[in-house]
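Work through these exercises with the sequence and the model side by side. Try each task before you read its solution.

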Amino acid sequence: MTEPPKDPVDAIVDQWAAVRPDLDTAAMEVFGRVFRLSRAMGDRMEKAYTPYGISRGEFDVLATLRRSGEPYALSPRQLSATLMLTTGGMTGRLDKLERAGLLRRSPDPHDRRGLRVTLTEKGLELIDEAVGAGLAVQTEALAALDADRAAQLADLLRELLAGTEK
């Protein structure tokens, strides 16, 4: 197996080794790449959703409603908890998506003080198209690895994530 080409993280690690050879930079090698990959893919995903008139954050709201199954409805509190957003941040996203006709807010029939956020037909059609576009971008990026290595990476990242959530 050939060694992968050097990347910007290698340069950073080499610089630290030159000035602080006492440091163990193994974690920096992993997380430096995770952060850079996250930023690069975030930018690609944003571009994938632009033709649909939505941002990544708005995609997340629509996708969460879609994944909830019929009737594609959740409370703003459930959405906020799932997306780890403040209620203020959620309100702004809901306002924009409601103005675009992609969702509607209505009184919760089970709680006089509560609201339900529901995908509209237009929102359902849009999210089904947008999720396909986003997956195409992710699949294209993942094609740098064969199926076995991609599965191994998914397992390793799951294990690492579980270790950080304790």
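**Exercise 1.** Which side chain meets arginine 105 in a salt bridge?

*Solution.* Start with the ground rules. This is a predicted model, where local features need pLDDT of at least 70, side-chain atom pairs count only at pLDDT 80 or more, and totals for chains, interfaces and linings use all residues. Residues are numbered from 1 along each chain as its sequence is written, and side-chain values use heavy atoms, with hydrogens and water left out.

Step 1. Recall the term. A salt bridge is a side-chain nitrogen of Lys or Arg within 4 Å of a carboxyl oxygen of Asp or Glu. Side chains of opposite charge can pair when their charged atoms come close.

Step 2. Find the partner. Arginine 105 meets aspartate 95, at 2.4 Å from N to O.

Step 3. Helices (H or I, at least four residues) and strands (E, at least two) are DSSP runs, numbered from the N terminus.

Step 4. Check accessibility. Buried means under 20% relative accessible area, exposed over 50%, and partly exposed in between (1.4 Å probe, protein chains only). Arginine 105 is partly exposed because its relative accessibility is 25%. Aspartate 95, at 28%, is partly exposed.

**Exercise 2.** Where do arginine 33 and aspartate 7 lie?

*Solution.* Step 1. Confirm the pair. Arginine 33 and aspartate 7 form a salt bridge, and their closest N and O atoms are 2.7 Å apart.

Step 1. Locate the ends. Arginine 33 sits in helix α2 (residues 26-49), while aspartate 7 sits in the segment before α1 (8-19). The two are 26 residues apart, so this pair links distant parts of the chain.

Step 2. Read the accessibilities. Arginine 33 has 29% and is partly exposed. Aspartate 7 has 26% and is partly exposed.

**Exercise 3.** How many residues apart are arginine 158 and aspartate 155?

*Solution.* Step 1. Identify the contact. Their side chains form a salt bridge at 2.7 Å, N to O.

Step 1. Count along the helix. Both lie in helix α7 (residues 147-164), 3 residues apart, which is about one turn of the helix.

Step 2. Compare with the cut-offs. Arginine 158 is exposed because its relative accessible area is 54%. Aspartate 155 has 42% and counts as partly exposed.

Step 3. Widen the view. Salt bridges with shared partners join Asp7, Asp10, Glu29 and Arg33 into one network. The whole structure has 9 salt bridges.

**Exercise 4.** At what angle do α2 and helix α6 pack?

*Solution.* Step 1. Know what to look for. Two packed helices are described by the angle between their axes and the distance between the axes. Axes are lines fitted to C-alpha atoms, for helices over the stretch in contact, and angles run from 0 to 180 degrees between N-to-C directions.

Step 1. Read the geometry. α2 packs against α6 (residues 121-142) at about 145°, and the axes are 9 Å apart.

Step 2. List the contacts (heavy atoms within 4.5 Å). On the α2 side they include Met41, Arg44 and Met45. On the α6 side they include Ala130, Ala133 and Val137.

**Exercise 5.** In which sense do β2 and β3 pair, parallel or antiparallel?

*Solution.* Step 1. Apply the rule. Two strands pair if DSSP finds at least two bridges between them.

Step 1. Take β2 and β3. They are antiparallel, with 6 bridges. Leucine 103 has leucine 119 in β3 as its bridge partner. A hairpin of 2 residues joins β2 to β3.

Step 2. Take strand β1 (residues 73-74). Its 2 bridges to β3 (residues 111-119) are also antiparallel. Leucine 74 stands opposite valine 117.

**Exercise 6.** Which residues join through a cis peptide bond with omega about 10°?

*Solution.* Step 1. Find the bond. It joins glutamate 70 and proline 71. Proline 71 is in the loop between α3 (56-67) and β1.

Step 1. Look at tyrosine 72, in the loop between α3 and β1. Tyrosine 72 has a positive phi of about 60°, although it is not a glycine. At 14% relative accessibility, tyrosine 72 is buried.

Step 2. Turn to methionine 84, in the loop between α4 (76-83) and α5. Its phi is positive too, about 55°. Methionine 84 is exposed, at 76%.
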